[in-house]
Amino acid sequence: MRGLRISGWGAALPDKTVTNADLEATLDTTDAWITERTGIRERRVGSTTSALAIEAGRLALARAEVDPASVGMVVVATCTPDQVLPATAATVQDALAISGGAMDVNAVCAGFVYGLVTAAGLLATGTDRLLLIGADTMSTIVDWDDRSTAILFADGAGAIVVEATEGPGDLIAFDLDNDGSARHLLQADIGGFIQMDGREVFRRAVRSTVDSAQRTLARAQVSSEEVALFVPHQANVRIVDAVCSRLDIPLDRTVVTLDHHGNTSAASIPLALAEAADEGRLSPGDLVLLAGFGAGMSVASALVRWSVPAGTTGTAPDPEVSP
Ligand SMILES: CC(C)(COP(=O)(O)OP(=O)(O)OC[C@H]1O[C@@H](n2cnc3c(N)ncnc32)[C@H](O)[C@@H]1OP(=O)(O)O)[C@@H](O)C(=O)NCCC(=O)NCCS
(Lines give C-alpha, C1' and ligand atoms only; values in the text may rest on other atoms or scores of the structure.)
Protein backbone atom coordinates (compact mmCIF):
# COMPACT_ATOMS: atom_id res chain seq x y z
CA MET A 1 0.00 0.00 0.00
CA ARG A 2 1.28 3.45 -0.96
CA GLY A 3 -0.07 6.55 0.78
CA LEU A 4 0.37 10.31 0.43
CA ARG A 5 2.64 12.64 2.38
CA ILE A 6 2.73 16.45 2.07
CA SER A 7 6.29 17.77 1.79
CA GLY A 8 5.96 21.45 0.87
CA TRP A 9 3.56 24.34 0.32
CA GLY A 10 3.46 27.66 -1.49
CA ALA A 11 1.11 30.56 -2.19
CA ALA A 12 0.83 33.40 -4.69
CA LEU A 13 -1.37 36.48 -4.85
CA PRO A 14 -1.62 39.30 -7.39
CA ASP A 15 -0.06 42.63 -6.40
CA LYS A 16 -3.22 44.71 -6.73
CA THR A 17 -5.46 45.07 -3.67
CA VAL A 18 -9.12 46.03 -4.14
CA THR A 19 -10.72 47.22 -0.90
CA ASN A 20 -14.41 47.51 -0.12
CA ALA A 21 -13.93 51.27 -0.28
CA ASP A 22 -12.68 50.86 -3.87
CA LEU A 23 -15.89 48.95 -4.71
CA GLU A 24 -18.01 51.68 -3.09
CA ALA A 25 -16.75 53.99 -5.81
CA THR A 26 -18.11 51.86 -8.66
CA LEU A 27 -21.02 49.87 -7.18
CA ASP A 28 -24.20 50.63 -5.23
CA THR A 29 -22.74 49.08 -2.08
CA THR A 30 -20.97 50.01 1.14
CA ASP A 31 -17.97 48.77 3.09
CA ALA A 32 -20.31 48.22 6.06
CA TRP A 33 -22.70 46.01 4.04
CA ILE A 34 -19.92 43.88 2.53
CA THR A 35 -18.12 43.47 5.85
CA GLU A 36 -21.26 42.60 7.78
CA ARG A 37 -22.81 40.26 5.18
CA THR A 38 -19.59 38.51 4.03
CA GLY A 39 -16.63 39.30 6.32
CA ILE A 40 -14.58 40.33 3.25
CA ARG A 41 -12.63 43.60 3.60
CA GLU A 42 -10.24 43.42 0.66
CA ARG A 43 -9.16 41.04 -2.05
CA ARG A 44 -6.28 40.66 -4.55
CA VAL A 45 -6.99 40.95 -8.26
CA GLY A 46 -4.89 40.57 -11.41
CA SER A 47 -2.35 38.33 -13.18
CA THR A 48 -3.22 35.09 -14.96
CA THR A 49 -4.13 31.68 -13.56
CA SER A 50 -0.94 30.10 -14.93
CA ALA A 51 1.36 32.87 -13.63
CA LEU A 52 -0.10 32.55 -10.12
CA ALA A 53 0.02 28.75 -10.32
CA ILE A 54 3.65 28.82 -11.42
CA GLU A 55 4.66 31.13 -8.57
CA ALA A 56 2.85 29.05 -5.93
CA GLY A 57 4.22 25.83 -7.43
CA ARG A 58 7.79 27.13 -7.50
CA LEU A 59 7.57 28.08 -3.81
CA ALA A 60 6.12 24.68 -2.88
CA LEU A 61 8.93 22.86 -4.72
CA ALA A 62 11.53 25.06 -2.98
CA ARG A 63 10.02 24.36 0.46
CA ALA A 64 9.96 20.64 -0.26
CA GLU A 65 13.57 20.95 -1.49
CA VAL A 66 12.89 18.80 -4.54
CA ASP A 67 14.22 18.94 -8.06
CA PRO A 68 11.32 19.72 -10.47
CA ALA A 69 12.62 16.96 -12.75
CA SER A 70 11.76 14.44 -10.01
CA VAL A 71 8.06 15.46 -10.08
CA GLY A 72 6.10 12.96 -12.13
CA MET A 73 2.81 14.83 -12.41
CA VAL A 74 1.36 18.33 -12.09
CA VAL A 75 -2.35 18.75 -11.37
CA VAL A 76 -3.96 22.19 -11.45
CA ALA A 77 -7.41 22.58 -9.90
CA THR A 78 -9.05 25.55 -11.63
CA CYS A 79 -12.29 26.75 -13.17
CA THR A 80 -10.58 29.73 -14.84
CA PRO A 81 -7.92 28.17 -17.09
CA ASP A 82 -5.85 30.53 -19.26
CA GLN A 83 -7.18 28.81 -22.36
CA VAL A 84 -9.87 26.27 -23.26
CA LEU A 85 -6.97 24.13 -24.38
CA PRO A 86 -4.31 23.15 -23.48
CA ALA A 87 -4.67 22.56 -19.75
CA THR A 88 -3.17 25.27 -17.53
CA ALA A 89 -1.05 22.45 -16.06
CA ALA A 90 0.81 22.26 -19.39
CA THR A 91 1.96 25.89 -19.04
CA VAL A 92 2.97 25.24 -15.42
CA GLN A 93 4.86 22.09 -16.36
CA ASP A 94 6.86 23.91 -19.02
CA ALA A 95 7.69 26.90 -16.81
CA LEU A 96 8.81 24.75 -13.88
CA ALA A 97 10.59 22.10 -16.01
CA ILE A 98 8.51 19.29 -14.52
CA SER A 99 8.58 15.88 -16.21
CA GLY A 100 5.71 13.42 -16.59
CA GLY A 101 1.99 14.12 -16.82
CA ALA A 102 0.02 17.35 -16.58
CA MET A 103 -3.71 17.89 -16.25
CA ASP A 104 -6.36 20.24 -14.87
CA VAL A 105 -9.19 19.25 -12.50
CA ASN A 106 -12.38 21.32 -12.34
CA ALA A 107 -14.65 20.90 -9.34
CA VAL A 108 -14.76 24.70 -8.90
CA CYS A 109 -14.34 25.75 -5.23
CA ALA A 110 -14.11 22.10 -4.12
CA GLY A 111 -11.41 21.53 -6.76
CA PHE A 112 -8.37 21.48 -4.50
CA VAL A 113 -9.77 18.68 -2.32
CA TYR A 114 -10.90 16.78 -5.44
CA GLY A 115 -7.32 17.27 -6.68
CA LEU A 116 -5.89 15.96 -3.42
CA VAL A 117 -7.92 12.77 -3.66
CA THR A 118 -6.94 12.41 -7.34
CA ALA A 119 -3.30 12.85 -6.29
CA ALA A 120 -3.64 10.11 -3.67
CA GLY A 121 -4.91 7.75 -6.37
CA LEU A 122 -2.03 8.60 -8.71
CA LEU A 123 0.54 8.12 -5.94
CA ALA A 124 -1.05 4.81 -4.92
CA THR A 125 -0.75 3.52 -8.48
CA GLY A 126 2.80 4.51 -9.33
CA THR A 127 3.52 8.27 -9.40
CA ASP A 128 6.24 9.01 -6.83
CA ARG A 129 5.94 12.78 -6.49
CA LEU A 130 3.23 15.25 -7.58
CA LEU A 131 2.70 19.00 -7.58
CA LEU A 132 -0.92 19.92 -6.76
CA ILE A 133 -2.00 23.51 -7.32
CA GLY A 134 -5.32 25.27 -6.76
CA ALA A 135 -5.36 28.43 -8.88
CA ASP A 136 -8.11 30.75 -10.05
CA THR A 137 -8.58 34.25 -11.45
CA MET A 138 -12.25 34.70 -10.64
CA SER A 139 -11.95 38.41 -11.46
CA THR A 140 -11.93 37.42 -15.13
CA ILE A 141 -15.43 35.89 -14.95
CA VAL A 142 -17.06 38.40 -12.60
CA ASP A 143 -19.28 41.19 -13.90
CA TRP A 144 -17.74 44.16 -12.09
CA ASP A 145 -21.07 46.00 -12.41
CA ASP A 146 -22.95 43.25 -10.51
CA ARG A 147 -22.81 44.04 -6.80
CA SER A 148 -24.11 40.61 -5.79
CA THR A 149 -21.01 38.81 -7.12
CA ALA A 150 -18.28 41.44 -7.66
CA ILE A 151 -17.85 41.89 -3.91
CA LEU A 152 -17.14 38.19 -3.33
CA PHE A 153 -14.61 36.80 -5.79
CA ALA A 154 -10.85 37.28 -6.26
CA ASP A 155 -7.62 35.76 -7.57
CA GLY A 156 -4.81 33.62 -6.15
CA ALA A 157 -3.03 30.27 -6.09
CA GLY A 158 -1.85 27.77 -3.48
CA ALA A 159 0.23 24.65 -4.01
CA ILE A 160 1.49 21.58 -2.21
CA VAL A 161 4.04 18.91 -3.09
CA VAL A 162 2.88 15.40 -2.27
CA GLU A 163 5.01 12.27 -2.20
CA ALA A 164 4.23 8.57 -2.21
CA THR A 165 5.04 6.87 1.06
CA GLU A 166 4.94 3.22 2.07
CA GLY A 167 1.90 2.46 4.23
CA PRO A 168 -1.44 4.25 4.57
CA GLY A 169 0.07 7.77 4.49
CA ASP A 170 -1.41 11.04 5.68
CA LEU A 171 -4.70 11.23 3.77
CA ILE A 172 -6.73 9.55 6.46
CA ALA A 173 -10.24 9.86 5.02
CA PHE A 174 -12.17 11.90 2.49
CA ASP A 175 -15.61 12.53 1.05
CA LEU A 176 -16.47 13.76 -2.46
CA ASP A 177 -20.02 14.59 -3.47
CA ASN A 178 -21.96 16.61 -6.02
CA ASP A 179 -25.59 17.54 -6.69
CA GLY A 180 -25.75 18.17 -10.42
CA SER A 181 -29.47 18.95 -10.25
CA ALA A 182 -28.56 22.20 -8.45
CA ARG A 183 -25.89 23.32 -10.94
CA HIS A 184 -28.09 26.24 -12.14
CA LEU A 185 -27.64 27.97 -8.75
CA LEU A 186 -24.08 29.01 -9.56
CA GLN A 187 -22.85 29.06 -13.13
CA ALA A 188 -20.92 30.92 -15.82
CA ASP A 189 -21.28 30.24 -19.55
CA ILE A 190 -18.12 30.09 -21.65
CA GLY A 191 -17.19 33.72 -22.24
CA GLY A 192 -19.85 34.86 -19.76
CA PHE A 193 -20.04 36.01 -16.15
CA ILE A 194 -20.91 34.30 -12.88
CA GLN A 195 -24.63 34.07 -12.15
CA MET A 196 -25.64 33.05 -8.66
CA ASP A 197 -28.64 32.55 -6.39
CA GLY A 198 -26.74 33.76 -3.33
CA ARG A 199 -29.27 32.86 -0.66
CA GLU A 200 -29.79 29.30 -1.88
CA VAL A 201 -26.05 28.76 -2.41
CA PHE A 202 -25.49 29.96 1.16
CA ARG A 203 -28.08 27.55 2.56
CA ARG A 204 -26.72 24.57 0.63
CA ALA A 205 -23.08 25.49 1.36
CA VAL A 206 -23.61 25.21 5.10
CA ARG A 207 -25.58 21.97 4.94
CA SER A 208 -23.39 20.18 2.38
CA THR A 209 -20.10 21.19 4.01
CA VAL A 210 -21.25 20.01 7.44
CA ASP A 211 -22.58 16.72 6.03
CA SER A 212 -19.40 16.06 4.05
CA ALA A 213 -17.08 16.89 6.95
CA GLN A 214 -19.10 14.64 9.24
CA ARG A 215 -18.84 11.75 6.76
CA THR A 216 -15.06 12.23 6.56
CA LEU A 217 -14.67 12.36 10.35
CA ALA A 218 -16.86 9.26 10.74
CA ARG A 219 -14.79 7.35 8.15
CA ALA A 220 -11.61 8.37 9.99
CA GLN A 221 -13.19 7.53 13.35
CA VAL A 222 -11.99 10.91 14.56
CA SER A 223 -14.05 13.38 16.61
CA SER A 224 -14.11 17.09 15.80
CA GLU A 225 -12.31 17.69 19.12
CA GLU A 226 -9.29 15.86 17.70
CA VAL A 227 -9.08 18.20 14.68
CA ALA A 228 -6.12 20.52 15.31
CA LEU A 229 -6.96 22.88 12.47
CA PHE A 230 -10.01 23.30 10.25
CA VAL A 231 -9.38 24.83 6.82
CA PRO A 232 -12.75 25.58 5.22
CA HIS A 233 -13.40 27.11 1.80
CA GLN A 234 -13.24 30.89 2.17
CA ALA A 235 -16.52 32.20 0.74
CA ASN A 236 -18.37 34.04 3.50
CA VAL A 237 -17.55 34.34 7.21
CA ARG A 238 -21.19 33.66 8.08
CA ILE A 239 -20.92 30.31 6.25
CA VAL A 240 -17.69 29.52 8.13
CA ASP A 241 -19.32 30.48 11.46
CA ALA A 242 -22.38 28.32 10.80
CA VAL A 243 -20.29 25.33 9.70
CA CYS A 244 -17.94 25.62 12.70
CA SER A 245 -20.78 25.82 15.17
CA ARG A 246 -22.53 22.76 13.68
CA LEU A 247 -19.25 20.78 13.63
CA ASP A 248 -18.40 21.98 17.13
CA ILE A 249 -15.03 23.35 16.04
CA PRO A 250 -14.15 26.70 17.65
CA LEU A 251 -12.92 29.57 15.49
CA ASP A 252 -9.52 29.53 17.19
CA ARG A 253 -8.94 26.14 15.52
CA THR A 254 -10.22 27.43 12.16
CA VAL A 255 -8.33 29.31 9.46
CA VAL A 256 -10.10 32.43 8.17
CA THR A 257 -8.39 34.33 5.36
CA LEU A 258 -11.43 35.53 3.44
CA ASP A 259 -11.23 38.97 5.06
CA HIS A 260 -8.11 39.68 2.96
CA HIS A 261 -8.36 37.05 0.18
CA GLY A 262 -12.07 37.07 -0.72
CA ASN A 263 -13.30 33.93 -2.50
CA THR A 264 -10.48 32.61 -4.68
CA SER A 265 -12.33 29.39 -5.60
CA ALA A 266 -9.91 26.42 -5.97
CA ALA A 267 -7.10 28.53 -4.51
CA SER A 268 -8.92 29.32 -1.30
CA ILE A 269 -8.12 26.19 0.72
CA PRO A 270 -4.42 25.87 -0.27
CA LEU A 271 -3.94 29.62 0.27
CA ALA A 272 -5.45 29.32 3.76
CA LEU A 273 -3.39 26.19 4.47
CA ALA A 274 -0.20 27.97 3.33
CA GLU A 275 -0.96 31.00 5.50
CA ALA A 276 -1.53 28.77 8.54
CA ALA A 277 1.70 26.88 7.84
CA ASP A 278 3.64 30.14 7.36
CA GLU A 279 2.28 31.41 10.69
CA GLY A 280 3.46 28.25 12.47
CA ARG A 281 -0.08 27.09 13.26
CA LEU A 282 0.72 23.53 12.11
CA SER A 283 2.93 20.96 13.85
CA PRO A 284 3.89 17.46 12.75
CA GLY A 285 1.14 15.02 13.70
CA ASP A 286 -1.66 17.60 13.63
CA LEU A 287 -4.95 16.46 12.11
CA VAL A 288 -6.15 18.99 9.53
CA LEU A 289 -9.70 19.00 8.19
CA LEU A 290 -10.15 20.55 4.73
CA ALA A 291 -13.66 21.21 3.39
CA GLY A 292 -14.79 22.99 0.24
CA PHE A 293 -18.04 23.52 -1.66
CA GLY A 294 -18.80 25.19 -4.94
CA ALA A 295 -20.64 25.25 -8.23
CA GLY A 296 -21.85 21.88 -9.35
CA MET A 297 -22.99 21.92 -6.59
CA SER A 298 -19.80 20.22 -5.50
CA VAL A 299 -18.57 19.47 -2.01
CA ALA A 300 -15.43 17.76 -0.76
CA SER A 301 -13.69 17.20 2.53
CA ALA A 302 -10.51 15.46 3.61
CA LEU A 303 -8.74 14.71 6.87
CA VAL A 304 -4.95 14.84 6.53
CA ARG A 305 -2.14 14.47 8.99
CA TRP A 306 0.39 17.30 8.76
CA SER A 307 3.86 15.79 8.66
CA VAL A 308 6.08 18.58 7.35
CA PRO A 309 8.89 18.98 9.92
CA ALA A 310 8.60 22.11 12.06
CA GLY A 311 10.79 24.97 10.91
CA THR A 312 10.63 24.07 7.21
CA THR A 313 10.72 27.41 5.49
CA GLY A 314 12.78 26.90 2.36
CA THR A 315 13.94 29.85 0.35
CA ALA A 316 11.56 32.02 -1.59
CA PRO A 317 12.67 32.11 -5.21
CA ASP A 318 12.24 35.18 -7.39
CA PRO A 319 8.46 35.74 -7.49
CA GLU A 320 8.68 37.57 -10.83
CA VAL A 321 7.35 34.77 -12.99
CA SER A 322 5.67 34.94 -16.35
CA PRO A 323 4.21 31.90 -18.09
C1 LIG B 1 -24.32 36.89 -1.71
C2 LIG B 1 -24.59 37.10 -0.22
C3 LIG B 1 -23.42 37.80 0.41
C4 LIG B 1 -25.82 38.01 -0.09
O5 LIG B 1 -26.08 38.18 1.28
P6 LIG B 1 -27.59 38.01 1.81
O7 LIG B 1 -27.55 38.33 3.23
O8 LIG B 1 -28.04 36.64 1.41
O9 LIG B 1 -28.33 39.13 1.04
P10 LIG B 1 -29.57 38.99 0.07
O11 LIG B 1 -29.16 38.40 -1.24
O12 LIG B 1 -30.71 38.36 0.81
O13 LIG B 1 -29.87 40.53 -0.14
C14 LIG B 1 -30.30 41.36 0.92
C15 LIG B 1 -30.43 42.77 0.38
O16 LIG B 1 -29.11 43.30 0.16
C17 LIG B 1 -29.02 43.77 -1.19
N18 LIG B 1 -27.65 43.56 -1.66
C19 LIG B 1 -27.14 42.51 -2.33
N20 LIG B 1 -25.84 42.71 -2.58
C21 LIG B 1 -25.52 43.90 -2.03
C22 LIG B 1 -24.34 44.65 -1.95
N23 LIG B 1 -23.17 44.23 -2.48
N24 LIG B 1 -24.37 45.83 -1.30
C25 LIG B 1 -25.49 46.30 -0.76
N26 LIG B 1 -26.68 45.63 -0.80
C27 LIG B 1 -26.68 44.45 -1.43
C28 LIG B 1 -30.03 42.95 -1.96
O29 LIG B 1 -30.44 43.63 -3.13
C30 LIG B 1 -31.15 42.85 -0.96
O31 LIG B 1 -31.90 44.03 -0.98
P32 LIG B 1 -33.51 44.00 -0.78
O33 LIG B 1 -33.72 43.42 0.60
O34 LIG B 1 -33.88 45.42 -0.93
O35 LIG B 1 -34.00 43.11 -1.87
C36 LIG B 1 -24.87 35.76 0.49
O37 LIG B 1 -26.12 35.26 0.09
C38 LIG B 1 -23.82 34.74 0.20
O39 LIG B 1 -22.67 34.90 0.57
N40 LIG B 1 -24.21 33.61 -0.42
C41 LIG B 1 -23.28 32.57 -0.74
C42 LIG B 1 -22.51 32.97 -1.97
C43 LIG B 1 -21.27 32.15 -2.16
O44 LIG B 1 -20.61 31.80 -1.24
N45 LIG B 1 -20.96 31.84 -3.43
C46 LIG B 1 -19.79 31.14 -3.80
C47 LIG B 1 -19.91 29.71 -3.47
S48 LIG B 1 -18.38 28.88 -3.79
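## Confidence along the chain

Residues 314-323 are the stretch to treat with care in this predicted model. Their pLDDT stays under 50, and the model gives them 17 contacts beyond four places in sequence. For the chain as a whole, the mean pLDDT is 95, and 96% of the residues reach 70 or more.

## A tilted tryptophan pair

Let's turn to the aromatic rings. One aromatic pair turns up in a search of the whole structure. Its partners are Trp9 and Trp306, with ring centres 5.7 Å apart and planes at 55 degrees, so the pair counts as tilted.

The largest cavity holds about 40 Å³ of space. Its lining is made up of Thr209, Pro232, His233, Ile239, Val240, Val243 and Phe293.

Which helix gives the most to this lining? That is helix 8 (residues 237-247), with three residues. Sorted by class, the lining has five nonpolar residues and two polar ones, with no charged residues.

Ala154 is placed in the loop between helix 6 (147-150) and strand 7 (155-166). Is this residue buried or exposed? Ala154 is buried, because its relative accessible area is 0%, and the cut-off for buried is under 20%.

Leaving aside residues up to four places away in sequence, Ala154 touches Arg43, Arg44, Asp136, Thr137, Met138, Ser139, His261, Asn263 and Thr264. For one of these, Met138, the separation from Ala154 is 16 residues in sequence and 5.3 Å in space, C-alpha to C-alpha.

## Helix 10, an enclosed helix

Helix 10 (residues 268-278) has ten of its eleven residues buried, so the rest of the structure largely encloses it. The buried residues of helix 10 include Ser268, Ile269, Pro270 and Leu271. Glu275 is also among them, as are Ala276 and Ala277. Just after helix 10 comes Gly280, which takes a positive phi of about 75 degrees.

## Backbone features worth a look

Two cis peptide bonds deserve a visit. Leu85 and Pro86 are joined by a cis bond with omega of about 0 degrees, and Pro86 lies in the loop between strand 4 (73-77) and helix 4 (88-96). The bond from Gly296 to Met297 is also cis, with omega near -20 degrees. Met297 is in the loop between strand 12 (287-294) and strand 13.

Positive phi values come next. Ala97 is not a glycine, yet has a positive phi of about 55 degrees. This alanine, Ala97, is found in the loop between helix 4 and strand 5 (101-105), and counts as exposed because its relative accessibility is 51%, where the cut-off is over 50%. Gln221, also not a glycine, has a positive phi of about 55 degrees. Gln221 is in the loop between helix 7 (198-220) and strand 11 (229-232). With a relative accessibility of 75%, Gln221 counts as exposed too.

Note on methods:
Residues are numbered from 1 along each chain as its sequence is written. This is a predicted model: local features need pLDDT of at least 70, side-chain atom pairs count only at pLDDT 80 or more; totals for chains, interfaces and linings use all residues. Side-chain values use heavy atoms; hydrogens and water are left out. pLDDT is the predictor's confidence in each residue, from 0 to 100. Contact means heavy atoms within 4.5 Å. On a 1 Å grid over the protein atoms alone, a cavity is a set of points where a 1.4 Å probe fits but cannot get out, and a pocket is an open set with protein on both sides within 12 Å along at least five of seven lines; lining residues have an atom within 4 Å of a point. Grid points are joined across faces, edges and corners, and a volume is the space filled by probe spheres set on the points. Helices (H or I, at least four residues) and strands (E, at least two) are DSSP runs, numbered from the N terminus. Ala, Val, Leu, Ile, Met, Phe, Trp, Tyr, Cys and Pro count as nonpolar, Asp, Glu, Lys and Arg as charged, and the others, Gly among them, as polar. Rings of Phe, Tyr and Trp (its six-membered ring) pair if their centres lie within 6.5 Å; planes under 30 degrees apart count as stacked, over 60 as edge-to-face and the rest as tilted. Buried means under 20% relative accessible area, exposed over 50%, partly exposed in between (1.4 Å probe, protein chains only).
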